[in-house]
Amino acid sequence: MSDQKIDMILTALNEFKGEFVEFKKENKEQLNRIEEAVIRLEENQPQDITAMLSQINRKLDDRDNELQVLNKRLFKTESEIERLTRQ
């Protein structure tokens, strides 16, 4: 092979090597960003669950209060009906 062809091959290989190194670097950066995002999600997951459970608990407390009010009204109404039926 001629020296010119060998130089061309070496130049092409060096360009390919440079592109490959850049490709590896970009992939590593992307993988790092993905890993950081997954870690953030995992860290925040318990907080999200706790927030949802707190919200559910508040809504259940509200429903409990509403049921107590309805029970009192029902009791008063039933008591009044009972009193009227005895007359």
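The protein chain has a radius of gyration of 37 Å, whereas a compact globule of 87 residues would have one near 12 Å. These values refer to a predicted model. Taken along the principal axes, the box filled by the C-alpha atoms is roughly 125 × 20 × 10 Å. The secondary structure of the protein chain consists of 1 helix and 0 strands; helix 1 covers residues 3–86.

Of the 87 residues, 0% count as buried. The accessible surface of the protein chain amounts to about 8,700 Å², and carbon and sulfur atoms contribute 57% of that surface. With regard to charge, the protein chain carries 15 positive and 19 negative side chains.

A pair of aromatic rings is described by the distance of the centres and the angle of the planes. The structure contains 1 aromatic pair, formed by F16 and F20. The two rings are 6.4 Å apart, centre to centre, with 20° between the planes. The pair is classed as stacked because planes under 30 degrees apart fall into that category. Both F16 and F20 belong to helix 1, where they are separated by 4 residues, or about one turn of the helix.

Conventions
Residues are numbered from 1 along each chain as its sequence is written. This is a predicted model: local features need pLDDT of at least 70, side-chain atom pairs count only at pLDDT 80 or more; totals for chains, interfaces and linings use all residues. Side-chain values use heavy atoms; hydrogens and water are left out. Helices (H or I, at least four residues) and strands (E, at least two) are DSSP runs, numbered from the N terminus. The radius of gyration is taken over C-alpha atoms; the globule rule is 2.2 Å times the number of residues to the power 0.38. Buried means under 20% relative accessible area, exposed over 50%, partly exposed in between (1.4 Å probe, protein chains only). Accessible areas come from the Shrake-Rupley method with a 1.4 Å probe; for residues, only the protein chains shown count as cover. Lys and Arg count as positive and Asp and Glu as negative; His and the chain ends are not counted. The place of a charge is taken as NZ of Lys, CZ of Arg, CG of Asp or CD of Glu. Rings of Phe, Tyr and Trp (its six-membered ring) pair if their centres lie within 6.5 Å; planes under 30 degrees apart count as stacked, over 60 as edge-to-face and the rest as tilted.
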